[in-house]
Amino acid sequence: QACMTAVERRDGCGLLLPLLLLAQALATARSVSLLRKGRSFKANVDNKLELKNVLGVQYHGTFRAGDQELPVIYDTGSWEIVLLSKLCGDSCTRGKVVYDANLSTSFVTSDDVMKVQYAGGSVTAKQGFDSVSFGDKDSPYTAKNMSIWQVVEHQIPVWKTARFSGIIGLGHTRHMPEGFREPPDLTPDELMLPAMGIDMFSICLERGIATPGWMAMGPKATPVSKLSARVLSMALARKVQALAAGPGFASVPVVGEVHWGISVSGVQAEGLGVSDPCLFGCGAIIDSGTSFIAAPPSARLLTDAIKKKLKRDCSNLDELPVLRLQLEGGVVVELPPLAYILKLSRGCRTGFVELDVASKQGPVWVLGMPFLRYYYTVFDRSSMRIHIAPSTPGCEPILTPEVASNATAPHFAAAGGGLYAKRAFSPADFEAMEADMDEALPPPASKFFVF
């Protein structure tokens, strides 16, 4: 009523109603267009998907293809829907739940065959089209006639013993980037996130040996915003970005052309006496499909210093430093030893994996599952930003600056970091993560690597 009165007075508020009507019309037109293409989704609906923790190095969520539900890796480091299938034969399907096109009433075949390169090895897959859903049959996020790739053969050792049946790409691009599949002249199909109208989703992993992780969409899942940027005008979308920059959440620009890549201006670990490997800049990918933290060769002095300081019997974990990364805009994130020390049957070791690739920002780090255990992370395609907030062990975002309850706590972020004033780590953060190296997922493929 106030706005209508303002319209009659012809003041600045009179522009708001036409903008809202235009935004609603555009959203309706887009929905109709997608439905004509066989797409269907419910906008702005909450949906939370549990990710089962497997040996501390994999997280499996439910994915529905046709009439079948499969355990999959939801992977922010890739793009396509790639499923183990009956076409692969007994050698790679024995003992696993796999996709069978013959059991689907909505499957449409195709003659296209693609070869995809992952860091762990290559996959050859045959294309088809089917209805798919995030989660089970009750999921509000579905797409009909979605391109899926049925694995015919693969050379990924971890997949021969692992329990997951597919890799679901959550990259931010609309189509699979050039250079990541063979043959390169395949007609690119629209990827799942844009097909479902998903502009924002969050991932957070609980801290614990067998505790789950969570992937979510909708207003409650992405608390950086109380509005849907997809159905609002450009003017109102600015308000969404302003909310994302509110207390508790920090927003970092996505600079990666194909990956969820961000800029890193510094990496330090107090007390080691080594130089900053990112003094002249680095890039970093936040990747839900990588089990550990990948560091570039330029960080070898830092990782070797931690390795030298660590006692094999795990007796001095409380003496190890907190790894501090400074991101674009002065945002500081910190990772305690639980994020980078592994406890194996023969004792403790560092969990850094070396990755020798470069980007315009500099050497590349990969912030895998350990990062997602400490930061509630929202991936935002609409504004091309990543919003992060410190998380509790139970995966709730800490939306107000956290103040250390123990003034003598030895590890907390500096007040100038921009993300929070102080953050104390508990003794549990200075332990080692139990993990099975045989089931670990490597960082993104470097053979065709493009940041």
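User: Before we start, what are the ground rules here?

Analyst: The model is predicted, so local features need pLDDT of at least 70 and side-chain atom pairs count only at pLDDT 80 or more, while totals for chains, interfaces and linings use all residues. Residues are numbered from 1 along each chain as its sequence is written, and side-chain values use heavy atoms, with hydrogens and water left out.

User: How many helices and strands are in the chain, and what makes a run count as one?

Analyst: Eight helices and 26 strands. Both are DSSP runs numbered from the N terminus: a helix is H or I over at least four residues, a strand is E over at least two.

User: What share of the chain's contacts is between residues 24 or more positions apart?

Analyst: Taking contacts with a separation of 6 or more, 71% of them are between residues 24 or more positions apart. Contact here means heavy atoms within 4.5 Å.

User: Why is Asp429 called buried?

Analyst: Its relative accessible area is 7%. Buried means under 20%, exposed over 50%, and partly exposed in between, with a 1.4 Å probe and protein chains only. At 7%, Asp429 is therefore buried. Across the chain, 58% of the 451 residues are buried.

User: Where does Asp429 sit, and what does it touch?

Analyst: Asp429 is in the loop between β25 (385-390) and β26 (433-434). Leaving out residues up to four places away in sequence, Asp429 touches Arg207, Pro336, Pro337, Leu338 and Tyr374.

User: What makes the Asp429 and Tyr374 pair a polar contact?

Analyst: A polar contact is a pair of N or O atoms within 3.5 Å; within protein, one must be able to donate a hydrogen and the other to accept it, and residues adjacent in sequence count only if both atoms are side-chain atoms. The side chains of Asp429 and Tyr374 make theirs at 2.5 Å. A polar atom of the Asp429 side chain also lies 2.8 Å from the backbone nitrogen of Ser426.

User: How do you know that a charge sits over the ring of Tyr374?

Analyst: The rule asks for NZ of Lys or CZ of Arg within 6 Å of the ring centre and within 35 degrees of the ring normal. The charged end of Arg207 is 4.2 Å from the centre of the Tyr374 ring and sits over it. Elsewhere, Lys48 lies over the face of Trp214, at 4.7 Å from the ring centre.

User: How do you know that Cys204 and Cys395 form a disulfide?

Analyst: A disulfide is a pair of cysteine sulfur atoms within 2.5 Å, and the S to S distance for Cys204 and Cys395 is 2.2 Å. Cys204 is in strand β11 (residues 200-205) and Cys395 in the loop between β25 and β26, so this bond ties together parts 191 residues apart in sequence. Both cysteines are buried.

User: Why is that Cys204 and Cys395 disulfide called left-handed?

Analyst: Because the torsion about its S-S bond is about -115°. The bond of Cys278 and Cys282 is left-handed as well, since its torsion is about -95°; the sulfur atoms of that pair are 2.1 Å apart.

User: What handedness does the bond of Cys314 and Cys348 have, left or right?

Analyst: Its torsion is about 110°, so it is right-handed. Cys314 lies in the loop between α7 (300-309) and β17 (323-327), and Cys348 in strand β20 (residues 347-350), 34 residues apart.

User: What makes Phe371 and Tyr375 a stacked pair?

Analyst: Their ring centres are 5.1 Å apart and the planes are at 25°, so the pair is stacked. Both Phe371 and Tyr375 are buried. Ring pairs also link Phe63, Tyr74 and Phe134 into a cluster.

Note on methods: Phe/Tyr/Trp six-rings, centres within 6.5 Å; stacked < 30°, edge-to-face > 60°.
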